[in-house]
Amino acid sequence: MKGLAMLGFHKVGWIDKPVPSIGPMDALARPLAVSPCTSDVHTVWEGALGDRHGLILGHEAVAEVVEVGPLVRDFKPGDRVIIPAITPHWETVPSQMGFHQHSGGLLNGWQFSNVRDGVFGEYFQVIQADGNLAPLPDGVGPEEAVMLSDMVPTGFHGADNAEVSYGEAVAVIGIGPVGLMAVAGANLRGAARIFAVGSREICQSTARLYGATDLINYKNGNVVDQIMEATHGKPVDKVIIAGGTLEAFEWAIRLVRPAGIVSNVNYLGTGEYIKVNRLDWGLGMSHIKIIGGLMPGGRKNIEYLSNLLKYGKLDVKPLLTHRFKGFGYIEEALMLMKDKPRDLIKPVVTI
Ligand code: NDP
Ligand code: ZN
């Protein structure tokens with residue numbers, strides 16, 4: 001089979017590999033729709049995970065089940081399913097302790113294109129199918145549903161970890177597809193005022209659509225000053241970081257109220273240390289919490305999020321700015337995600 005792989009830092013290309021053989025609890029799937037992610041870009045062009053040489057890229061897919069192992073109960077060949085970006089081992093101690101994202105060690109729930117071939121192959125293996133696959137709901141097409149692989153759950157994870165509650169003021173730093181879904185998640189959780197920080201016009205207008213009340217362009221001056229001016233100096237309740245540089249943490253600590261939460265979902269591909277200013281952090285006694293999270297995956301989570309699409313509470317179509325038809329277009333779509341033209345939010349490839 002063919003797949004689009006990392007061939008070294010800054011290098012991708014098509015390779016041939018045998019079709020994977022699956023274990024008794026696993027599924028073999030073939031993609032119906034895939035989308036490249038900014039995380040693929042961090043991996044290849046920043047080398048952030050190390051050289052995943054020869055590993056097929058991609059972790060966002062809707063697929064058809066081709067084969068299942070003898071212990072799989074709930075899925076069979078022909079089923080159409082959503083593949084979460086994170087597919088943990090659910091029986092492990094870390095999973096039982098509530099951090100299944102790190103089931104086999106730090107970030108190990110992130111299997112695709114990290115420890116095994118990803119979804120940009122003609123076929124791919126999904127471990128523990130019953131725990132990791134979610135059925136494609138009736139009435140939701142593969143192009144939209146592929147946003148449930150990663151963009152919706154990651155943005156919502158940012159809002160969940162920030163414990164956004166009704167009436168709150170929330171700042172979302174970075175409004176690419178992940179930040180936009182953080183805006184939507186914060187909005188659904190009842191935030192009253194949502195600051196959306198980004199510069200591209202298409203992202204700003206889409207942020208408005210998802211519930212942002214205030215648009216902040218980081219290219220127009222200091223982000224903290226701009227937000228503080230709008231609030232007359234009152235800090236916000238929560239900050240969600242979904243883009244930008246390590247400096248975003250310094251802004252966030254200055255922006256958030258005592259006992260507020262700074263929730264990061266940005267993949268920090270470059271830089272060394274995150275700096276927290278001692279005074280801004282209340283001399284270490286501000287009760288401000290900082291949390292960073294890998295998107296949760298899991299069948300239950302993806303099924304519940306897909307209900308939002310099924311019943312019309314969340315429309316992901318505005319994210320899909322570039323559509324391609326045909327397996328061969330995956331490379332072009334990935335390059336778009338790398339180059340981020342100003343009219344791009346997210347590309348999707350149907351197969
Ligand atoms: P995008 O690149 O599409 O969006 C990034 C956003 O950050 C844009 O709005 C951009 O603004 C903004 N930005 C860029 N530079 C700055 C800056 N200096 N200051 C403030 N804002 C800035 O990324 P995605 O939405 O696709 O992904 C966001 C992050 O989430 C990535 O790092 C990705 O790897 C990560 N990720 C993490 C996951 C997880 O499980 N935690 C899962 C999936 C993705 P503009 O372009 O408008 O100028
Ligand atoms: Zn992703």
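Strand β3 is mostly covered in this predicted model: seven of its eight residues are buried. The strand spans residues 27-34 and pairs with β4 (residues 61-68) in the antiparallel sense, over seven bridges. Within that pairing, Arg30 stands opposite Glu64 of β4, and Ala33 stands opposite Val62 of β4. β3 also pairs with β6 (residues 124-126), again in the antiparallel sense, through three bridges; here Ala29 has Phe124 as its bridge partner. Two bridges link β3 to β15 (residues 346-350), and these strands run antiparallel. The partner of Ala33 in β15 is Thr350.

| Strand pair | Sense | Bridges | A bridge partner pair |
|---|---|---|---|
| β3 and β6 (124-126) | antiparallel | three | Ala29 and Phe124 |
| β3 and β15 (346-350) | antiparallel | two | Ala33 and Thr350 |
| β11 (236-241) and β12 (256-264) | parallel | five | Ile240 and Ser263 |

**Zinc site**

The zinc ion (ligand 2) is coordinated by Cys37 through SG, His59 through NE2, Glu60 through OE and Asp150 through OD, at 1.7 to 2.6 Å. Along the chain, the donors follow the spacing C-x21-H-E-x89-D. Cys37 sits in the loop between β3 and α1 (38-45), while Glu60 sits in the loop between α1 and β4, so this pair ties together parts that are 23 residues apart in sequence. Cys37 and Glu60 are both buried.

What is the geometry of the site of the zinc ion (ligand 2), with its four donor atoms? The angles among the four donor atoms are 84 to 136 degrees, and the site is irregular. To count as tetrahedral, four donors need all angles between 85 and 135 degrees. For reference, the ideal angle for four tetrahedral donors is 109.5 degrees.

**Gln128**

Gln128 belongs to the loop between β6 and α3 (129-132). Its relative accessibility is 10%, so Gln128 counts as buried, the limit for that class being under 20%. Leaving out residues up to four places away in sequence, Gln128 touches Met25, Asp26, Pro88, His89, Trp90 and Glu91.

**Parallel sheet and its helices**

An open sheet is formed by six strands in the order β10-β9-β8-β11-β12-β13, with parallel pairing. Its edges are β10 (214-216) and β13 (289-292); each has a single partner strand, so one side of each is left without a neighbour in the sheet. From one strand to the next, the twist averages 15 degrees. Inside the sheet, β11 and β12 run parallel and are joined by five bridges; Ile240 has Ser263 of β12 as its bridge partner.

Helix α6 (residues 177-188) packs on this sheet and touches β8 (169-173), β9 (193-197) and β11. The direction of α6 makes about 170 degrees with that of β8. Helix α7 (residues 201-209) lies across β9 and β10, and runs at about 160 degrees to β10.

Arg193 is a residue of β9. With a relative accessible area of 28%, Arg193 is partly exposed. Apart from neighbours within four places in sequence, its contacts are Glu168, Ala169, Val170, Thr213, Asp214, Ala230 and Thr231. The C-alpha atoms of Arg193 and Gly167 are 7.5 Å apart, although 26 residues separate the two along the chain.

**Helix α11**

Which residues of helix α11 (residues 330-339) are buried? They are Ile330, Ala333, Leu334, Leu336 and Met337. Viewed down the axis of α11, the buried residues fall within an arc of 155 degrees, so they line one face of the helix. An α-helix has 3.6 residues a turn, so residues three or four places apart point the same way. After α11 comes Lys340, which has a positive phi, near 45 degrees.

Terms used. Residues numbered from 1 in each chain as written. Chains lettered and ligands numbered in written order. Predicted model: local features only at pLDDT ≥ 70, side-chain atom pairs only at ≥ 80, totals over all residues. Heavy atoms only, no water. Buried < 20%, exposed > 50% of the residue type's maximum accessible area, 1.4 Å probe, protein only. Helix = DSSP H or I, 4+ residues; strand = E, 2+ residues; numbered from the N terminus. Arc of directions from axis to C-beta. Pairing = 2+ DSSP bridges. Axes fitted to C-alpha atoms, helices over the stretch in contact; angles between N-to-C directions. Contact = heavy atoms within 4.5 Å. Donors = N, O, S within 2.8 Å, 3.2 Å for Na, K, Ca; no water. Tetrahedral: all angles 85-135°; square planar, octahedral: opposite > 155°, others 65-115°.
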